[in-house]
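Please study the sequence and the three-dimensional model shown below. The exercises after it are to be worked in order.

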Amino acid sequence: MDFLIFKAPMLMVQASLDGILLGILFALIAYGMALQWGVMNIINIAQGDLVILGGYIAYTIYLWGIHPAWGVIISPIIMFFVGWALYKLVINKVVDRDLFISILATFGIAIVFQQLMNFIFGADVVVAQSEYGTTMLFDNSVTLPNSKIFSAFISVLYAIALVIYMKKSRLGRAIRATAQNARAAKILGVDTEKVYAATFGINAALCGIAGALISITLTLHPYVGLPYTVRSFMIVIVAGLGNLPAVAVSGMGLGLFEEFADYILGTEFRIGAVFMLLVFILVYRRFKLSKKREYLK
Amino acid sequence: MNKIAKLFVTFISAITLALVSFTSSFAKVEGEYIVLGSAISLTGKYSSNGVHTQNGYNMAVERINKMGGVEVQGKKYKFEIIYYDDESNPKRAAQLAERLIKQDGVHYMLGPYSSGLTKAIAPVTEKYKIPMVEANGASRSLFTKGYKYLFAVLSPANQYLEVAIDLAVEKNGGKGVKIAQAFEQDAFSQDVRLGILDAAKRTGSEIIIDDKLPKELNDMAATLAKVKATKPDVLVVSGHTKGALTAIRQISEMKVDVPMLAMTHCDAAKLSKQHGKKSEFALCASQWHKNLSYKDKFFGSGKKYAKDFQKEFGYDPPYQSAESSAALLVFKDAFERANSFDRDAVRDALVDTEMQTFYGNIKFGPGGQNVAKPMILFQVRCKGDDCENRVVAPTKWASDKFYHPIPKWSERS
């Protein structure tokens with residue numbers, strides 16, 4: 001019974017594909033986090049809760065009889081404004097402060113969001129049905145829900161669109177300039193306040209897309225945001241800020257790692273394994289940094 | 001100015017103290033009211049089931065009061081409940097229990113929702129020797145601690161799915177079966193798991209997959225891939241509503257063929273409402289179903305209860321509501337037999353409870369659990385997209401034959 005995965009090669013294929021598809025979705029959330037972390041130096045603990053809120057928006061339109069896949073367009077639009085408003089209300093007060101303050105502030109936002117969602121949408125677990133069916137490979141021994149394939153595809157699509165936008169558009173360039181040196185950007189006429197608000201909005205919109213995809217692939221509940229925050233935090237830690245290809249690779253890597261940890265260590269250690277990996281990577285990075293020669297500033 | 005303020009504060013605190021001592025000495029029975037206390041989850045993650053519980057309590061209070069109330073020493077009394085919102089938080093629940101007992105002077109408690117919260121409150125009620133009748137904490141560990149003041153109207157968690165294993169063995173011609181199981185890591189689900197382990201041992205069955213799902217998990221793809229590869233006879237899943245919904249979603253999407261699928265929390269999950277036809281043939285453990293033939297003079301039958309409940313609250317009663325209503329019937333019965341408001345007399349009367357309610361027979365075992373009522377299993381069956389729960393076991397109440405094995409996904413439309 002031990003290490004079933006090594007006895008059945010098809011399981012290996014199944015686990016890898018499941019992991020990669022899931023990982024792409026994580027990467028999308030992580031990319032949003034990396035973006036606003038890089039630009040504003042804020043670690044957003046409420047990231048996962050923004051994702052879940054996005055999911056509930058998709059679920060709501062599903063209840064109205066619209067196919068939940070439209071959520072990947074509607075949800076980010078609404079979430080952009082939610083993010084914008086959040087910035088204007090709370091984040092702009094903590095943006096130049098200590099990292100710790102921003103963590104506290106976003107933690108507070110996370111709690112408020114959870115309670116609000118619980119209040120509005122109820123504590124029941126909900127799912128939206130996409131009715132996309134299943135792709136069967138290798139004589140039905142590997143099955144992939146089309147909803148997962150769809151979600152990976154949409155994630156990639158949006159990620160590419162965002163990269164192009166950041167490279168070509170005026171706002172994108174302003175965001176990148178602010179990330180590199182906020183003061184210099186300000187001197188050169190970039191309205192950094194607006195850039196920050198837009199960045200936070202874009203991050204929330206990315207969460208909205210991911211949430212809509214989660215509503216058709218997994219399940220929604222007001223209190224399941226935190227694991228998404230932790231996963232995206234971890235992906236960003238591994239990949240570094242502002243490095244999209246690395247975020248994608250590390251997202252898929254994490255998805256794979258989770259699936260394989262499930263088979264080898266057991267399902268009960270699946271999330272534990274993610275945390276272990278996080279600790280390991282943090283220690284390793286610290287070790288590597290200490291080897292580098294540093295100067296007093 | 002300062003002196004006046006001080007005087008004022010002293011005055012206010014004196015009044016408060018007087019009020020507190022006044023209320024606590026009389027609050028257990030105020031005038032014609034017997035006051036019960038309950039911490040209940042009206043917000044937080046258990047809020048929907050907390051509301052089901054509260055509705056069940058309220059329905060019974062109203063009905064009992066309307067039908068003459070409780071007669072003690074020749075005088076009629078009515079029930080009244082003080083509720084506090086425990087925010088689905090065990091620590092808060094324990095504080096509120098303390099507050100109900102010490103400040104509000106409550107001498108009889110009704111349970112909260114969920115095993116975890118009941119576990120948090122039980123030590124408090126035990127400490128103050130307050131009889132508590134609870135209807136929503138099924139975890140086995142509640143009944144092994146030697147609590148003397150805890151009484152549960154429901155069957156303990158380890159009995160939830162034992163029947164399902166027996167059924168599978170019966171279908172297999174009395175031979176042991178191969179079981180795959182996935183349980184969330186919480187007190188309740190792990191107790192259900194212990195029940196399966198016992199049943200497996202008893203029937204000579206073999207457990208080939210034994211996954212423990214982390215609380216945060218909403219993806220069971222890996223477990224189901226293992227199930228697909230090992231082809232068990234029964235798949236057992238228990239992880240509250242989230243587990244049930246995730247399992248159905250992914251089993252249908254991954255086209256996992258198992259001859260039998262047994263779960264908990266399918267009633268509350270409104271499984272068939274969320275997933276429609278995909279949930280067909282799932283077996284669900286339940287404490288109660290409206291079609292059972294138990295009767296009492298307050299609610300009549302289960303069907304009548306369901307009808308009245310629907311009229312009052314606008315939805316079909318889940319078993320959480322039914323068992324909560326039953327808790328009050330138990331209290332009424334105990335008060336009348338004790339014929340006294342002495343806590344220990346009421347507690348002794350509770351120990352001797354032996355009665356039938358619309359919800360089922362109630363008789364408490366030595367640990368406080370209900371030993372007189374079997375668990376039932378129903379199976380989700382659909383006509384078109386319209387699905388309902390049909391009782392299939394135990395045979396005494398079965399309205400339908402148990403459909404076995406579940407047809408393969410390739411044969412299902």
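The following exercises each give a task and then a solution in steps.

The model is predicted: local features require pLDDT of at least 70 and side-chain atom pairs count only at pLDDT 80 or more, while totals for chains, interfaces and linings use all residues. Residues are numbered from 1 along each chain as its sequence is written, and chains are lettered from A and ligands numbered from 1 in the order in which they are written.

**Exercise 1.** Describe the make-up and overall dimensions of chain A.

Solution.
- Step 1. Chain A contains 12 helices and two strands; helices (H or I, at least four residues) and strands (E, at least two) are DSSP runs, numbered from the N terminus.
- Step 2. In sequence order the pattern is α-α-α-α-α-β-β-α-α-α-α-α-α-α.
- Step 3. The radius of gyration of chain A, 20 Å, is close to the 19 Å that the globule rule gives for 297 residues, so chain A is as compact as a globular protein of that length. This radius is taken over C-alpha atoms, and the rule is 2.2 Å times the number of residues to the power 0.38.
- Step 4. Along the principal axes, the C-alpha atoms of chain A fill a box of roughly 65 × 55 × 35 Å.

**Exercise 2.** How many residues of α2(A) are buried, and what length does this helix reach?

Solution.
- Step 1. A residue is buried if 20 or more other C-beta atoms lie within 10 Å of its own, exposed if 12 or fewer, and partly exposed in between, with C-beta atoms placed from the backbone.
- Step 2. By this criterion 26 of the 32 residues of α2(A) are buried, and the helix is mostly covered.
- Step 3. From first C-alpha to last, α2(A) reaches 45 Å, close to the 46 Å expected at 1.5 Å a residue; the expected span is 1.5 Å times one less than the number of residues.
- Step 4. After α2(A) comes N41(A), which has a positive phi near 55°.

**Exercise 3.** Which way do β1(A) and β2(A) run, and how many bridges join them?

Solution.
- Step 1. Two strands pair if DSSP finds at least two bridges between them.
- Step 2. Four bridges join β1(A) to β2(A), and the strands run antiparallel.
- Step 3. Opposite L137(A) stands V142(A) in β2(A).
- Step 4. The hairpin has four residues between the strands, and F138(A) takes a positive phi near 50° there.

**Exercise 4.** Characterise the side of chain A that touches chain B.

Solution.
- Step 1. Residues are in contact if their C-beta atoms, placed from the backbone, lie within 7 Å. In these terms, 35 residues of chain A are in contact with 31 residues of chain B.
- Step 2. Elements giving two or more residues to this side of chain A include α2 (9-40), β1 (134-137) and β2 (142-145). The most come from α2(A), with five residues.
- Step 3. By class this side has 19 nonpolar, 10 polar and six charged residues. Ala, Val, Leu, Ile, Met, Phe, Trp, Tyr, Cys and Pro count as nonpolar, Asp, Glu, Lys and Arg as charged, and the others, Gly among them, as polar.

**Exercise 5.** What are the domains of chain B, and which residues does their contact take?

Solution.
- Step 1. Chain B has 13 helices and 18 strands.
- Step 2. The domain assignment, automatic or from a database, gives domain 1 (23-155 + 292-363) and domain 2 (159-286 + 375-411) of chain B.
- Step 3. The centres of the two domains of chain B, taken over C-alpha atoms, are separated by 31 Å.
- Step 4. The contact takes 14 residues from domain 1 of chain B and 10 residues from domain 2 of chain B.

Methods:
Contact = placed C-beta atoms within 7 Å.
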